Amino acid sequence: MIGPGIRFRARLVAALGLVFAGLHAPVMRSAEPEAYTLHIASQPLESALQEFARQTGVEILVFSYLTDGQRAPALDGRYTVDEALKALLADSMLTFHRVNAKTLEIRVAAPKG
Amino acid sequence: MKHDSEELTSINQQAAHWWVVLHNTNPPAAEKREFVEWLTRAPECVEASLRVARVHAAVSRSDVRWPATSAEDLVRAALAAPDDAVVPLRPHVPRAPTVKQRPALRWMAGLAASVLIATVLGWWFIAARPEQFQTQLGEQHSFLLADGSRITLNTASKIEVRLQADHRDVTLLQGEALFEVTHDTRRPFDVSAGPVTVRVVGTRFDLDRRMTRTALTVVEGRVALIAAGARTGTLPVLTARDRVTVDSVGPGVVEHGVNLTETMAWMQHQLVFHHQPLGVIADEFNRYNRGRIEIRNPRLRAQEVTGTFRSNDVGSFVAVLAGIPGVHVKGDGGGGYLVTADDPDATAQ
């Protein structure tokens, strides 16, 4: 006999479906890279990277011997994390590596060829 | 004055002494502090104070003088006093004579007086009783004090606060705190951390107490170092962006132009470091997290890095280390990490 029990279960499933749809929405959105409005003055590369981390909220690590004596150009405008780092590292022989979703490590760029 | 609280009579005499001292129009602050210290020594002291208050109230004749009038005389006079004499807070109001002596009424009036007096004494108690605030590992909290000052405690920190009429005293028992002190020239704000004591009037500064050294960083205003271990003589006054580190020898050279973003990063739950050895950063993470990082290789420990991490995100920091060729990270079985390197020359790439 089809009773209220089944109807309840159907409603429960529907409700759970809505909840899961809700949970999925932000995940789907984060697939497209987020852009940040950045204002970073031209300065020594390592402090520019710190400023970048402060303004975007990403975590970053760089070995000091890689950045010693290098400068970064100024950034002013909207950038994704990738665009901003490419610009900051443009004058150096460095690149970046994503350790996880929020953590970046600055590395020596592999020689081209 | 010395207080031997062995005999009840002596406690009574002390209580009588304090009653008189505190009923001067303007008792010195030092006396008030000493009184509270005496009062909190034993319940007998509180009892004696209340007893004296009651006796005093009962015999509030203008000719009673202490110590010219002995405690025994006071008691005798109290017993002989008319019932409605027990109006402790307005002792000089002339009393209407009464006819009957009713012990119960006298007792109740005495009790009422005691309650009133206890309220007054209670104020001293509350005003001078230290309050403790603390945070657990990885926690941080802000506390608003009654004077409007705000103290933010970093991870695993503990403070004791005493707000008094003429003085504000805080002891940093362990850890780190940011102090935002309200301006009050009549109530100096003193902060001690082991051998270090600083005095401020109204300012913002960070005090970071570690095992062997304490660092003072001024964010805003001026802070005077008034005690620094064994070192005597002239101690420095610090202004914004100055830092001094005090160890067992005394204060070091004052650094100027300190990076405040880095110093204050903990307020945003972040570790921000410029040119710091990996070992120091691992130790910083260990201040905030149960899962400890132990870097075994001394050369790796000494490698200087620059970076920004959330103070509770040990995992990401360790993941970076694990990505370095020749470096190995393994769990220590208790939620922590052991970091080793194949080669004593192990570096980033």
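In chain A of this predicted model, helix α2 (residues 45-56) and helix α4 (residues 81-88) pack at an angle of about 165° with their axes 11 Å apart, where helices (H or I, at least four residues) and strands (E, at least two) are DSSP runs numbered from the N terminus. Axes here are lines fitted to C-alpha atoms, for helices over the stretch in contact, and angles run from 0 to 180 degrees between N-to-C directions. The two helices α2(A) and α4(A) are therefore roughly antiparallel, given that angles under 35 degrees count as roughly parallel, over 145 as roughly antiparallel, 65 to 115 as roughly perpendicular and the rest as oblique.

Residues are numbered from 1 along each chain as its sequence is written, and chains are lettered from A and ligands numbered from 1 in the order in which they are written. Because the model is predicted, local features need pLDDT of at least 70 and side-chain atom pairs count only at pLDDT 80 or more, whereas totals for chains, interfaces and linings use all residues.

**The helix pair of chain A**

- The crossing of α2(A) and α4(A) is right-handed; a crossing is left-handed if the near helix is turned anticlockwise from the far one by less than a right angle, and right-handed if clockwise.
- Ala48(A), Leu49(A), Phe52(A) and Thr56(A) of α2(A) meet Val81(A), Ala84(A) and Leu88(A) of α4(A), two residues being in contact if their C-beta atoms, placed from the backbone, lie within 7 Å.
- The residues of this contact between α2(A) and α4(A) comprise six nonpolar, one polar and no charged, with Ala, Val, Leu, Ile, Met, Phe, Trp, Tyr, Cys and Pro counted as nonpolar, Asp, Glu, Lys and Arg as charged, and the others, Gly among them, as polar.

- An open sheet of five strands has the order β6(A)-β7(A)-β3(A)-β15(B)-β13(B) with mixed pairing, and two strands pair if DSSP finds at least two bridges between them.
- At the edges stand β6 (94-100) of chain A and β13 of chain B, each with a single partner strand, so one side of each is left without a neighbour in the sheet.
- Neighbouring strands of this sheet are turned by 15° against each other on average, direction ignored.
- Between the chains, strand β3 (residues 59-63) of chain A pairs with β15(B) in the antiparallel sense over four bridges, and Val62(A) has Thr306(B) as its bridge partner in β15(B).
- Within chain A, three bridges join β3(A) to strand β7 (residues 103-108), the two running parallel, and Ile60(A) stands opposite Leu104(A) in β7(A).
- Helix α9(B) packs on the sheet, touching β3, β6 and β7 of chain A together with β15 of chain B, and its direction makes about 130° with that of β6(A).
- Helix α7 (residues 278-288) of chain B lies across β13 and β15 of chain B and runs at about 160° to β13(B).

**The contact between chains**

- The contact takes 18 residues from chain B and 19 residues from chain A.
- On the side of chain B that touches chain A, the elements giving two or more residues are β13 (270-277), β15 (304-310) and α9 (314-322) of chain B, and β15(B) gives the most, with seven residues.
- By class, that side of chain B has six nonpolar, nine polar and three charged residues.

- Six of the six residues of strand β8 (residues 204-209) of chain B are buried, so β8(B) is largely enclosed by the rest of the structure; a residue is buried if 20 or more other C-beta atoms lie within 10 Å of its own, exposed if 12 or fewer, and partly exposed in between, with C-beta atoms placed from the backbone.
- Both faces of β8(B) are covered, with Arg204(B), Asp206(B) and Asp208(B) buried on one side and Phe205(B), Leu207(B) and Arg209(B) buried on the other.
- Strand β5 (residues 168-180) of chain B runs antiparallel to β8(B) and is joined to it by six bridges, with Arg209(B) as the bridge partner of Gly175(B).
- β8(B) also pairs in the antiparallel sense with strand β9 (residues 213-220) of chain B over six bridges, and a hairpin joins β8(B) to β9(B) through three residues.
- Strands β16 (residues 327-331) and β17 (residues 337-341) of chain B pair in the antiparallel sense over five bridges, forming a hairpin with five residues between them, in whose turn Gly333(B) has a positive phi of about 90°.

**Chain totals**

- Chain A has four helices and seven strands, and buried residues make up 27% of its 113 residues.
- Chain B has nine helices and 17 strands, and buried residues make up 33% of its 349 residues.
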